[in-house]
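Please keep the sequence and the model in view while reading.

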Amino acid sequence: MSDKPAGQRRDLKALLAQEAGKLPQPERRAFLANGLTLAGGAMLGSATSAAAANLPPEVPPWTRSVGRGVVTVPYGMPSRYEQDIVRRTVPWLTASAISSISFTPLHRLKGIITPNGLVFERYHGGVPEIDPAEHRLMVHGLVDRPLIFTMDDLMRFPSVSVIRFIECPANGGMEWRGAQMEALQFTHGMLSCCEWTGVPLATLLQEVGVSAEAKWLLAEGADGSGMSRSIPLEKALDDSIVVYAQNGEMLRPEQGYPLRLLNPGWEGNTSVKWLRRLELGDAAWYHREETSKYTDLMPDGRARKFSWVQETNSVITFPCPENGLKQAGKYEIEGLAWSGRGRIKRVDVSVDGGVSWRSARVKGLILPKALTRFGLEWDWDGGPALLQSRAVDETGYVQPTLAQLREARGVESIYHKNAIHTWRVAEGGGVTNVQIE
Amino acid sequence: MCRLSRTFVGLCALLAGSACTPEPAQPPVSVASGSGAGTMAVAAPPETTPSATRIGSTARNIGTLDDIEELSVAIAAERRPSGYFGYGDPATPEQIAGWDIDVRPDGKGLPPGSGTAEQGEALYEEKCSTCHGVFGEGEGRWPKLAGDEPLTGERPEKTVGNYWPYASTLWDYVHRAMPFYEPQSLSDDEVYSVVAYVLYLNELIEYDFELNQSNLAAVEMPNRDGFFVDPRPDVVNAVCMEDCKNPDDIRITWDSTELGVTPTQHFQDDVADAAAPAAVASATLDDAVGQRVYDQACKTCHGPGLAGAPVVGDAPAWAARRDQGLDVLVRHAVEGFQGEAGYMPAKGGQVQLGDDEVAAAVSYMLQNSGAAD
């Protein structure tokens, strides 16, 4: 590691890469190697001169030419300068990419909406490719009239659109014992927030007529894992939605195209993707993903079942390991807060490891069970700091410390770790993931 | 707008109300409890800074939008009699029977059929042991199935024997999702047999015990009483603002960079990352397709060598296969193949892949094993 602030190094690297792109292959390699030496040697002037031709007072080539025309790219993609902003995984977490997880790059997202191509992935049997014309939703069991719906049928029902987060309950679950994820993308990236459009599940249940003895509902996917979860009828009638669109377009295959369930505020696994079947019953099914998995083991050897809600959580997204600080001066600390029980009411931020706190400004939309963005202006003196955020939701629940969670649950429960998170800012501006006592 | 229909009366009232009679600014906090030195129990943060003032006004304005969203959901979900819309077709008993595969702890959903561990042993070794181990010990990071270690130790490994509360869960899961690459391919008798074998590996039934529709629910699993309903919220933190702890007591207990186990190349010291697209473009299209398909469908087994798969880079193993003829190799990959060394599922279990994509992946593996022509 050089002693340059991380952010400044990255700028240099981007410039070097940009310049290198204009050279033939062998020269490019040589240039990159030399450039690195220059950057490491703090010869800022030399390194940046490569791009000076495009800076004031010079006029860059893109101003003296015309660009590509319409529908050169029929479905638009981000600028090539954003190509590093992608979902990423930590390969050793799982045995196979077919049953695995990827993480949303929270460190480079703005506002509260996750772009469709960056929504985190979780599959148990890979992504099925389903022709919507051949997809069916069967609703049966303890109902007056079992029905099979086509996608056209489902899209005729009165629709709703809501902005809600989806979070895997294992988000942060690798850090019960200690800090080991070296990036925000990996500590908190099993989290996304979209505008979801579909039919309230209550509407579908009214249409089939639910029997009085029905208390539970089994939701089942059409994928190769046949994902299945038991959902209590109260939730289904409260705010569950059978979803076919996200952020204005049809669901992405990764998110369940053409149809998925959404249980707002609940662990993501219950929002079954590629939804093909809903069965009403009088008892829970106790399937694999609600017994062997997605149960929370306590120190006494017993385990919590039906642990559905994602409790109040928050994290600072700037600065973070991927986005270090540069020179001392004024910054806005930014972050995200969310609660599966409702709206975020308040977020406090500490820069001294939790000795003192200041209330952050909650920015933009404050919606129930949605990501909520906060910011706090901070004058960084260039010295070490320990940054933390602490969210409070409308029920009055205060995001806990990791010590509190460990005391109540031990370190083997994997799921539902919503503890206050700590970033260490080192002198020089580098940021690392740490745990403190 | 407000005369459109009764449905919108509530919405209009809400809009009018918020426009004409804005609510007084509420303190943005209502924290229920808090105790101890330095704790501010309930009160809102002092609204002295410009940002604090903005919290109140923002929350009030946005609250209106939020209420509209909720109301629109309520309208769409308005109570209606069953069959009101008349959409969809009746699901026939035959249609339901084909899809209704779920099984419950009371045995509801189990089909007729039976099997013993003795009958399941060969099937398990052929279809399951590659990932789960011959004795259910689990290969690599694949799930361990057998074992009775206590759940109170450090990093306990959960198995069917020490953790799963019901045998029905095992039947349901094997039937719906296993074998991993060929879900829903086993007959009901085969599922009974494999389930019996896994229960036998956990010493829960005898080798010759016949598991069937009427006795599976009665198999008592050791951890059947090991679960209780989620009691959260289970911790209470306080909103402390000043002197919440002694700065001298703070110590860093963990630093993630000391382990160095997560990818960081994309944001640290890796200029080559930014130049990657040019490198990809210089490769041939087939190479790119081959690598993509390999990563997606082949790597799971051909990386570590599971299921007798030749490991990419193992030149002799690939040369031997190449010598059968590239067309034979591709056909085996496309159609599936049971060889002496192991089992190759058709297209690695990913049937949506085109034959040409599979061929590109085969070519990619040969090239990276020094076995290309």
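Chain A contains 8 helices and 23 strands; helices (H or I, at least four residues) and strands (E, at least two) are DSSP runs, numbered from the N terminus. The model is predicted, so local features need pLDDT of at least 70, side-chain atom pairs count only at pLDDT 80 or more, and totals for chains, interfaces and linings use all residues. Residues are numbered from 1 along each chain as its sequence is written, chains are lettered from A and ligands numbered from 1 in the order in which they are written, and side-chain values use heavy atoms, with hydrogens and water left out.

Of the 437 residues in chain A, 64% are buried. Here buried means under 20% relative accessible area, exposed means over 50%, and partly exposed lies in between (1.4 Å probe, protein chains only). Among the contacts in chain A with a separation of 6 or more, 71% are between residues 24 or more positions apart; a contact means heavy atoms within 4.5 Å.

## Strand β6 and its partners

Strand β5 (residues 160-167) of chain A is joined to β6(A) by 8 bridges, and the two run antiparallel. Two strands are said to pair if DSSP finds at least two bridges between them. Within this pairing, A:F165 has A:C193 as its bridge partner.

Strand β9 (residues 241-246) of chain A also pairs with β6(A), through 5 bridges in an antiparallel arrangement. There, A:P200 is the bridge partner of A:I241. In a regular strand, side chains alternate between the two faces of the sheet.

## The interface of chains A and B

At the interface, 124 residues of chain B are in contact with 143 residues of chain A. The size of an interface is often given as the accessible area lost when the parts come together. The two chains bury about 11100 Å² between them, 56% of it on carbon and sulfur atoms; buried area is the accessible area (1.4 Å probe) that two parts lose on being put together, summed over both. Of the area that chain B buries against chain A, B:Y87, B:W99 and B:R232 supply 8%, more than any other three residues.

Between chain B and chain A there are 48 residue pairs in polar contact, both residues being at pLDDT 80 or more. A polar contact is a pair of N or O atoms within 3.5 Å; within protein, one must be able to donate a hydrogen and the other to accept it, and residues adjacent in sequence count only if both atoms are side-chain atoms. Helix α2 (residues 50-76) of chain B gives 14 residues to the side of chain B that touches chain A, the largest share. By class, that side has 66 nonpolar, 26 polar and 32 charged residues. In this scheme Ala, Val, Leu, Ile, Met, Phe, Trp, Tyr, Cys and Pro are nonpolar, Asp, Glu, Lys and Arg are charged, and the others, Gly among them, are polar.

## Salt bridges

How many salt bridges does the structure hold over all chains? There are 43, where a salt bridge is a side-chain nitrogen of Lys or Arg within 4 Å of a carboxyl oxygen of Asp or Glu. Across the interface of chain B and chain A, 11 are found. One of them joins A:R177 and B:E154 (3.7 Å, N to O).

A:R277 forms a salt bridge with B:D102, with the closest N and O atoms 2.6 Å apart. This pair crosses from strand β12 (residues 275-281) of chain A to the loop between α3 (93-99) and β2 (114-115) of chain B. A:R277 is buried at 0% relative accessibility, and B:D102 is buried at 3%.

A:R304 forms a salt bridge with B:D234, the closest N and O atoms being 2.8 Å apart. A:R304 lies in strand β14 of chain A and B:D234 in the loop between β4 and β5 (252-255) of chain B, so the pair joins two chains. A:R304 is buried, at 5% relative accessibility, whereas B:D234 is partly exposed, at 23%.

Within chain A, the side chains of A:E334 and A:R373 meet in a salt bridge (2.6 Å, N to O). The two residues are 39 residues apart, A:E334 in strand β16 (residues 329-338) and A:R373 in strand β20 (residues 372-380). Both count as buried, A:E334 at 15% relative accessibility and A:R373 at 6%.
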